Amino acid sequence: MTLSLRDVAKAFGPKRVLDGVTLSVGKGESLVVIGGSGTGKSVMLKCILGLLWPDAGSIMLDGQELVGLKGSALAAARARFGMLFQGGALFDSLAVWRNVTFALTAGRNVRAEELRAIAIDNLARVGLGPEVAELKPAALSGGMQKRVALARAIAARPDIIFFDEPTTGLDPIMADVINALIRDQVKALGVTALTITHDMASVRKIADRVAMLHQGRIIWEGPVEALDNSGNEFVDQFVKGRADGPIRMAGAGGG
Ligand SMILES: Nc1ncnc2c1ncn2[C@@H]1O[C@H](COP(=O)(O)OP(=O)(O)OP(=O)(O)O)[C@@H](O)[C@H]1O
């Protein structure tokens, strides 16, 4: 599946958050969008998911315009999406296997034993044993919850998966494990992936290609190998995590 944004704009009152975002992700490709806090990464993702409507521009999914879709047409497009949210967003009252297969039951009558088997298969893909299937999310560590959330994101075999800050709240070692699982599963399933993050370790591990959002536009994009020699001073400052440079953050001090 190919996803392409063209001149996408979104403002909240006088505040222009997206100011003409143009970006594509090709079939089977893993694209990571980086950018500082408040640069509009989440707003961009919400526009793609149909949770916000852009003021202008086009978002095409395999040649179909998503902007303006409603009702069953929007639901059909979304059925091709998988998502891993920042907090994992598991349902506390449901056993892990119910969480993993949640999207598979929508409007269909599938036998519990069949769902449990699908859950166990997808849990194995993220390194979790079948005993985890019966537990409630609250009984799991943060790292295990992320694994379950990843199992859920892949269980419906979506055409494209969106990862929203997939390593938030994890220690660096667990973050590396999750990043490796994401990369391996995305490649194994041949799924298209779009990730938003400011975690450079994630970027280096899961990106084929990187795009940087700054002041409402994509100011640089290139293969992950080019990140350290981008020739772009904004990218350079971000990648190296320097307070000093062309990017001025509110509250960061300096001039
Ligand atoms: N519904 C809304 N109404 C008004 N302003 C909004 C709304 N949603 C987002 N914004 C503003 O848009 C800007 C971009 O927010 P967004 O959450 O997309 O940033 P981000 O790049 O995802 O940041 P972070 O990395 O910190 O999550 C912020 O200034 C935010 O306050």
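Hi everyone, let's start with a pair of helices: helix H4, residues 112-125, packs against H5 at an angle of about 120°, and their axes are 9 Å apart. Angles of 65 to 115 degrees would count as roughly perpendicular, so at this angle H4 is oblique to H5. The crossing of H4 and H5 is right-handed.

Before I go on, please keep in mind that this is a predicted model. The chain has a mean pLDDT of 89, with 95% of its residues at 70 or more. For the complex, the predictor gives an ipTM of 0.95 and a pTM of 0.91.

Back to the helices. Which residues in H4 and H5 meet? From H4 we have Ile118, Asn122, Leu123 and Arg125, and on the H5 side they meet Ala151, Ile154 and Ala155. By class, that contact of H4 with H5 has five nonpolar residues, one polar and one charged.

Now to the second pair. Helix H5 covers residues 142-155 and helix H6 covers residues 172-189; they pack at about 15°, with 10 Å between their axes. Angles under 35 degrees count as roughly parallel, and H5 and H6 are therefore roughly parallel to each other. Their crossing is right-handed.

If you'd like to find this contact on the screen, look in H5 for Gly143, Lys146, Arg147, Leu150 and Ile154. Those residues meet Met174, Val177, Ile178, Leu181, Ile182, Gln185 and Leu189 in H6. Sorted by class, the contact of H5 with H6 comes to eight nonpolar, two polar and two charged residues. Notice Ile154 of H5, which is listed in the contact with H4 and also in the contact with H6.

Terms used
Residues are numbered from 1 along each chain as its sequence is written. This is a predicted model: local features need pLDDT of at least 70, side-chain atom pairs count only at pLDDT 80 or more; totals for chains, interfaces and linings use all residues. Axes are lines fitted to C-alpha atoms, for helices over the stretch in contact, and angles run from 0 to 180 degrees between N-to-C directions. Helices (H or I, at least four residues) and strands (E, at least two) are DSSP runs, numbered from the N terminus. Angles under 35 degrees count as roughly parallel, over 145 as roughly antiparallel, 65 to 115 as roughly perpendicular and the rest as oblique. A crossing is left-handed if the near helix is turned anticlockwise from the far one by less than a right angle, and right-handed if clockwise. Two residues are in contact if their C-beta atoms, placed from the backbone, lie within 7 Å. Ala, Val, Leu, Ile, Met, Phe, Trp, Tyr, Cys and Pro count as nonpolar, Asp, Glu, Lys and Arg as charged, and the others, Gly among them, as polar. pLDDT is the predictor's confidence in each residue, from 0 to 100.
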